[in-house]
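Q: I would like to go through this model with you, starting with the ligand sites and then moving to the protein itself. Could you take my questions one at a time?

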Amino acid sequence: MRNAPNEEDASDLSVSPPKDWATGVPAVAHAIGYSLEQTSPRRTALTLLNMNQISGIDCPGCAWPDPAPGHRAKNEYCENGAKHINDEATSRRITPDFFRRHSVSELAERSDLWLNQQGRLTEPMVKRAGSDYYESISWRDALELLATELNSLDSPDEAAFYTSGRVSNEAAFTLQLFARAFGTNNLPDCSNLCHESSGFALHETIGTGKGTVSLLDIEHADLIFVVGQNPGSNHPRQLTALERAKLNGARIVAVNPLPEAGLRRFKNPQKVRGVLGPGVEIADRLLQIRPSGDLALFRALNRLLLESEESRPGTVLDWDFIRSSTSGFEAFAEHVAATDWDEVLAQTGLTREEITAVRDEVLHSDRVIVCWAMGLTQHRYAVPTIREIVNFLLLRGNLGRTGTGACPVRGHSNVQGDRTMGIWEQMPDEFLDALQREFGFDPPREHGLDSVNTIRAMREGRIKVFLGVAGNFVRATPDSDVTEAALRRCRLTAQISTKLNRSHVVCGETALILPTLGRTERDIQDRGEQFVTVEDSMSEVHRSRGRLEPASPLLLSEVSILSRLARKTLGDRGEIPWESFEADYGTIRDRVSRVVPGFHDYNRRVEEPGGFRLTNPVNEGIFPTSTGTAHFTVNHGAAPDVPNGHLMLQTLRSHDQWNTIPYTNDDRYRGIHGDRRVVMVNQDDLTELGLSEGDRVDLVGVWSDDIDRRAPGFRVVPYPTPKGCAAAYYPETNVLVPLDSVAEISNQPAFKSVVIRMEKAQVAHPSRT
Ligand SMILES: Nc1nc2c(c(=O)[nH]1)N[C@H]1C(S)=C(S)[C@@H](COP(=O)(O)OP(=O)(O)OC[C@H]3O[C@@H](n4cnc5c(=O)[nH]c(N)nc54)[C@H](O)[C@@H]3O)O[C@H]1N2
Ligand SMILES: Nc1nc2c(c(=O)[nH]1)N[C@H]1C(S)=C(S)[C@@H](COP(=O)(O)OP(=O)(O)OC[C@H]3O[C@@H](n4cnc5c(=O)[nH]c(N)nc54)[C@H](O)[C@@H]3O)O[C@H]1N2
Ligand code: SF4
Ligand SMILES: [Mo]
C-alpha cells in the first residue's frame, strides 16, 4: 500500500534552522539549475523569457496577477514559477514501452516524485478490465470507448467530471457545456478543496465570491494582513507587491502558526539592492496563532474596535458606510460584545497585548486589506471565520475604496476562471438560463456532486465513470485509503493529463490516459494557431500562448479532446458546433461572450495588451446580495478539542512541490532536507512525549469512526510551531484526514486541523545504505 513508505522514501534527513528571508540569488540559481536538469538551454530560454509577458505564456505556477503592461520586469517570474514551467517543458518522455516494463500495480507502489520524474505522457493508453498493464490505443478508439461507457450509464448522474485549475477558460467552458448537454451537474473541481469556503463566505456577505482587491489597491493600502498564507513559497511575486506597499509606507501584519521565511524578509531578485543587501522586512508583526484560532482573533479585534468607538464616539467606525451600505450591525455588535477573553486567548494562543497592538495598527490605518489562503479555508469553521473578516472590513468601510478590500489569494493559475466559465456543481439559474438561450437545450437544474460527495458516491457505487481534466484527484482529496478504494470501484476512470501521477495508477476497472498539450506548447488547429485565456486571482483576463514544439506529435489539446468526446457521446443531440470549437477557439469565446456576464466583446478585448479586468460590483458601491447591502453576520465556532497527549496537525506544502507533486525532498526555507516524511513539532511537546529530533513515529488519526488512519514512518523535527500543534506535508498525510471532516456550509475538507497522536514507529523503515 503506497500510503506507507518504501525504499523510494529512504531518508537522508538533515535539518538546519528555518530561514528568515525568502527569494534572493539562491532562489534564481535553483530555478535555472532545475530547468537545465530537466531540459535544454534553448528550451529554457523559449519558456522562461516568455513567461508572463504580453503575448507569452501565463505562468502555471499560481494565480498571482502580473503588473500592468509597461510595468513588467524582463524576468517577470519567480523561482517556483520557473520550476513549474520547466517541469512541464522537460525533455523526458514516457512511451508505450515504459508501460510494457511497468505494470499498473507496480506503478501504484512508486512515489509521487518518481512518477512525475518519468517525463511527459506521449500517447493515449488504455488499461482494459482484468489487465494489469496499460497498452496503446488510438485516439478514435479511446474516445469511442469513453463515449460508449458514458452512454451505457443508467443516468448521466452516474458520471463525474473533475477539473483542476490549470485548465484554460476555453477548455473549461467546453467541458461544462458537454457535461450539462450530457445531462449532469456533477462537476467537482479543485476549488472544492481550495477556496470553496471563501466563495461561500464572500457570496453570502458581499454578494460576490471573488476578491475585491487589485495590485493597485495593494500599493495604496496602509495596513495589509497576510493570514494563513505562505507567500514566499506559494505566491512568491506577492512579496514584490508587498515590498512596494512597504516602500509606500504600508504596515504588514502576518497571522500564521509558523514563522514562514517569506513573511519575515524579502530579497527582491529583480533588484541589485535585493540581491546584495539584507532585503526588506515584510511583516511588522507576526502573530503566531494556533491553527483554527482566527475566528477568535478577528472577533476579538472587532470587539476592541467597538469598544474604541464607545470611548471616542464617531471616530472609529465608518457610520456613513454602515448605515448606507450594510445590514445586521446590531445583532453582530451584540454578539461580539459578549466575546470572552479567556476563550480568545486559549483559542489563539496569543496574548491580549498582541491583539490590542494590532487594534492600534488598525486605528492608525485608513485603508486596510486582508489577504488569506489555505490557512483559513481548510478548517471546520472556515466560512464563519471569513465572514468575521468581512465584519472586520465593514466596520471601518474597508471595502470598495482604493487601497482596501478582501483578497482571497487563489492557488491554481486559472482556478478562478474555471468557475467563471461554469465549472461548479451549483451554478445559479441565471447561468443555466443563459446556456439554454444560447444553445437551445435544457441544462439539468438539480445541483451536482462536489469533490467530497463524488468520493462518497463512488464508494456507494453511484458514480461509475470518472473523467479528470488535469489534476490528480486521488492525491488531492482526503482519506487516501477510503478514496483509493472508491476510485477502484469505478467502471471507468479517464484522465486528461500532461504527466503521470497516482490518479493514472489507482484507477477504475478500465482506465484511460489521454495525454494533452501544456501551456508551454504551440497549439495548431484547422483554422490556425490558437491561444487560450485565463483569469487570475484579481479578475484580470488575458491570453496565454506557448512556443515549444509539442512533447509528442500525438498530443491533442484539451479543447480538441473534449470537443471530440462531446461529438462522439452526443451524436446529433443538440446543436452545439463542437467541430468549429475545436478548429477555432475564438468561436468558443464568442459563445462565452453571450453567456457569461462581463465577457461582452471577449475576442476583441482579450487582444488588448494585458487583456481586461472583470469589474467587481463591490468596487462600484453595489452589493448584489438579497438585500442590496453587505451583511454583518453572527459567527460561531471553535477549534477542535485536542485530547491530552494529542496534537493538531496541519497539512501543507513544502517549498519544492507543486500541489500533489513533490519536485525534490527538500524544503529549503524551513531548513528541512532529504526527506518529506517529517513531522514538525514544538520542542516542549517533544520533551513531554520523550521524543527527539530524527526519531521515527507513526502518525495516527483520531476521529469518531473506527477506521485506523495511519501514516507510518515519519521523522520528528523540532520546529517553532505553537505548542500542541504539528505540521506535515501533503499529500503524504492525506491518509489521516477523514472524508467527513469538512468545513460547515462549504463542504471543503478540513486539511489544516487534523487531530492525531504519535506512536513509536511500528515497522522498521528502509534506510539508504
Ligand atoms: N510553489 C507552489 N506554489 C503554489 C502551490 C504549490 O503547491 N507550490 N499551490 C498553489 C495552490 S493550488 C494554492 S491553493 C496555494 C496555497 O498557498 P498557501 O495557502 O500558502 O499554502 P499552504 O502550504 O497550504 O500553506 C498554508 C499556510 O497557512 C498557515 N496556516 C495553517 N493553519 C492556519 C490557521 O489556522 N491560521 C492561520 N492564520 N494560518 C494557518 C500555514 O502555516 C501555512 O503558512 O498555493 C499555490 N501556489
Ligand atoms: N492535505 C491537503 N490536501 C490538499 C491541500 C492541502 O493543503 N492539504 N490543498 C488542496 C488544494 S488547495 C488543491 S488546489 C488541490 C490540488 O489538486 P489538483 O489540482 O487535482 O492536483 P495537482 O497536483 O495540481 O495536479 C497535478 C497534475 O496535473 C496535470 N497537469 C498539469 N498541467 C496540466 C495541463 O496543462 N493540462 C492537463 N490536462 N493536465 C495538467 C499533471 O498530470 C499533474 O500530474 O489539492 C488539495 N489537497
Ligand atoms: S508568483 Fe505565481 S504566477 Fe507569478 S511567477 Fe511565481 S509562480 Fe508564477
Ligand atoms: Mo489550491
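Predicted model: local features only at pLDDT ≥ 70, side-chain atom pairs only at ≥ 80, totals over all residues.

Q: What about Asn501 and ligand 2?
A: An N or O atom in the side chain of Asn501 is 2.8 Å from an oxygen atom of ligand 2. Ala476 takes part through its backbone: a polar backbone atom there is 2.6 Å from a nitrogen atom of ligand 2.

Q: How much of the accessible area of ligand 2 does the protein cover?
A: The protein covers 97% of the 930 Å² that ligand 2 has on its own.

Q: How many residues surround ligand 2, and which are the closest?
A: There are 30 residues around ligand 2, and the closest are Tyr162, Ala476, Glu558, Thr660 and Asn734. By class, this shell has 12 nonpolar, 13 polar and five charged residues.

Q: Now ligand 1. Which residues come nearest?
A: Asn256, Glu260, Ser292, Asp294 and Asn659 come nearest, out of 34 residues around ligand 1. The shell has 12 nonpolar, 18 polar and four charged residues.

Q: Which backbone atoms are in contact with ligand 1?
A: For Ser233, a backbone N or O atom lies 3.0 Å from a nitrogen atom of ligand 1. For Val255, a backbone N or O atom also lies 3.0 Å from a nitrogen atom of the ligand. At Gly375, a polar backbone atom is 3.3 Å from an oxygen atom of ligand 1. The protein covers 99% of the 910 Å² of accessible area that ligand 1 has on its own.

Q: Which helices and strands each supply at least two residues of that shell?
A: They are helix H3 (79–88), helix H11 (231–234), helix H19 (374–377), strand S25 (647–652) and strand S26 (657–658).

Q: Where is Ala470, and what is its phi?
A: Ala470 is in the loop between strand S16 (465–469) and helix H24 (473–476). Its phi is near 65°, a positive value in a residue other than glycine. Ala470 counts as buried, at 14% relative accessibility.

Q: And the peptide bond from Tyr730 to Pro731, cis or trans?
A: That bond is cis, with omega near 5°. Pro731 is found in the loop between strand S32 (725–729) and strand S33 (754–760).

Q: Changing topic: how many aromatic pairs are there in the whole structure?
A: A search of the whole structure finds 23 aromatic pairs. In one of them, the rings of Phe161 and Phe178 have their centres 5.6 Å apart and their planes at 75°.

Q: Why does the pair of Phe161 and Phe178 count as edge-to-face?
A: The planes are at 75°, and an angle over 60 degrees counts as edge-to-face. The pair links distant parts of the chain, with Phe161 in strand S7 (residues 159–163) and Phe178 in helix H8 (residues 169–182), 17 residues apart. Both Phe161 and Phe178 are buried.

Q: Which residues do ring pairs link into a cluster?
A: The cluster consists of Phe98, Phe99, Trp114 and Tyr134.

Q: Last one: is Arg120 buried or exposed, and what does its side chain contact?
A: Arg120 is buried, with a relative accessible area of 0%. Arg120 lies in strand S4 (residues 120–121). A polar contact of 2.9 Å joins its side chain to that of Glu521. The backbone oxygen of Thr498 lies 3.4 Å from a polar atom of the Arg120 side chain.

How values were computed. Residues numbered from 1 in each chain as written. Chains lettered and ligands numbered in written order. Heavy atoms only, no water. Near = heavy atom within 4 Å. Polar contact = N/O pair within 3.5 Å; in protein donor to acceptor, adjacent residues only side chain to side chain. Areas by Shrake-Rupley, 256 points an atom, 1.4 Å probe, with all protein chains shown as cover. Helix = DSSP H or I, 4+ residues; strand = E, 2+ residues; numbered from the N terminus. Nonpolar A, V, L, I, M, F, W, Y, C, P; charged D, E, K, R; others polar. Phe/Tyr/Trp six-rings, centres within 6.5 Å; stacked < 30°, edge-to-face > 60°. Buried < 20%, exposed > 50% of the residue type's maximum accessible area, 1.4 Å probe, protein only.
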